[in-house]
Amino acid sequence: MENTPFQKLQRDLEIAATHMEKVLPKEVLDAFEKSIQDLRTSDSGRGLRAGVKAPDFTLVDSTGQKITLSEELLKGPVVLIFYRGTWCPFCNLELKAYQRMNDDIKAIGGQLIAVSPQTPNYSASVQEKNELNFHVLSDLHNKTAEQYNLKFKLPEYVYPIYRSLDISLETFNGDHSWELPVPATYVIDKAGIIRFASAEADYKKRIEPSKVMHILQSL
């Protein structure tokens with residue numbers, strides 16, 4: 001297996017972060033960093049730890065088809081990714097990175113499932129934009145994210161900033177909660193046990209897919 005394509009996510013994330021620093025005003029960047037630190041010091045969004053049973057769920061994909069985690073685990077281990085939305089450039093880079101390794105994951109019997117609080121229409125947009133060939137599911141009102149201890153509410157001081165950047169969470173998510181999942185990645189074995197867990201309050205940071213691949217290979 002060629003590893004080179006799987007090592008580039010961190011580089012892409014760094015480029016995106018540098019670009020963001022160049023195009024956004026300092027007061028906006030400072031507010032975003034404050035929101036990250038506020039989340040770190042809160043009790044929200046810490047995620048589940050490895051070794052526990054993964055909560056089962058049934059969510060719909062962009063076509064309305066219902067996908068149930070326990071049924072998918074009968075086919076093999078699952079890499080479960082919680083992402084913020086189509087409006088998040090860091091999420092799109094992560095999803096593209098997993099698409100690059102999708103065939104390799106399938107080759108060892110695993111599969112990918114990506115979850116966000118977006119409505120099915122916006123899940124379809126993510127899937128089409130990034131040419132994703134794996135399940136992209138809609139977790140309306142963050143009910144599944146809450147089961148995984150990932151749900152948090154954005155602080156009110158970022159609402160006007162998001163709106164000024166044309167990020168209307170009311171539109172993308174179909175509610176007025178201003179709640180999101182902390183970006184997270186889980187590797188779940190066929191028995192439904194979380195074998196690897198990563199949840200990061202700083203949305204600019206994601207686990208390198210090659211590490212996830214190594215964990216899958218060890219199952």
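Visitor: Let's start with helices. How do the axes of α1 and α4 cross?

Guide: This is a predicted model, to be clear. The axes of α1 (residues 9–23) and α4 (residues 89–100) come within 10 Å. They cross at roughly 160°.

Visitor: What does that make α1 relative to α4?

Guide: Roughly antiparallel. Angles over 145 degrees count as that, so the crossing qualifies.

Visitor: Left-handed or right-handed?

Guide: The crossing of α1 and α4 is right-handed.

Visitor: Which residues make the contact?

Guide: From α1, L9, D12, L13, A16, A17 and M20. From α4, F90, L93, E94, A97 and R100.

Visitor: And by class, how many are nonpolar, polar or charged?

Guide: Eight residues in the contact of α1 with α4 are nonpolar and three are charged. No polar residues take part.

Visitor: New topic. Where is S123?

Guide: S123 sits in helix α6, residues 120–129.

Visitor: Is S123 buried or exposed?

Guide: Buried. The relative accessible area of S123 is 0%.

Visitor: What does S123 touch?

Guide: Leaving out residues up to four places away in sequence, S123 touches S62, Y83, S116, Q118, V136, L137 and S138.

Visitor: Now aromatics. How many pairs are in the whole structure?

Guide: A search finds ten aromatic pairs. One of them is F32 with Y162. Their ring centres are 5.9 Å apart and the planes stand at 80°.

Visitor: Why is that pair called edge-to-face?

Guide: Because of the angle: plane angles over 60 degrees count as edge-to-face, and F32 and Y162 are at 80°.

Visitor: Which parts does the pair tie together?

Guide: F32 lies in helix α2 (residues 26–40) and Y162 in helix α8 (residues 159–164). So the pair links parts 130 residues apart in sequence.

Visitor: Are those two buried or exposed?

Guide: F32 counts as buried at 7% relative accessibility. Y162 counts as buried at 5%.

Visitor: What about F82 and Y148?

Guide: That aromatic pair is tilted. The distance is 5.3 Å centre to centre, with 50° between the planes. F82 is in strand β3 (residues 78–82). Y148 is in the loop between α7 (143–147) and β6 (151–153). The pair therefore ties together parts 66 residues apart in sequence. Both F82 and Y148 are buried.

Notes
Residues numbered from 1 in each chain as written. Predicted model: local features only at pLDDT ≥ 70, side-chain atom pairs only at ≥ 80, totals over all residues. Heavy atoms only, no water. Axes fitted to C-alpha atoms, helices over the stretch in contact; angles between N-to-C directions. Helix = DSSP H or I, 4+ residues; strand = E, 2+ residues; numbered from the N terminus. Parallel < 35°, antiparallel > 145°, perpendicular 65-115°, else oblique. Left-handed = near helix turned anticlockwise from the far one by under 90°. Contact = heavy atoms within 4.5 Å. Nonpolar A, V, L, I, M, F, W, Y, C, P; charged D, E, K, R; others polar. Buried < 20%, exposed > 50% of the residue type's maximum accessible area, 1.4 Å probe, protein only. Phe/Tyr/Trp six-rings, centres within 6.5 Å; stacked < 30°, edge-to-face > 60°.
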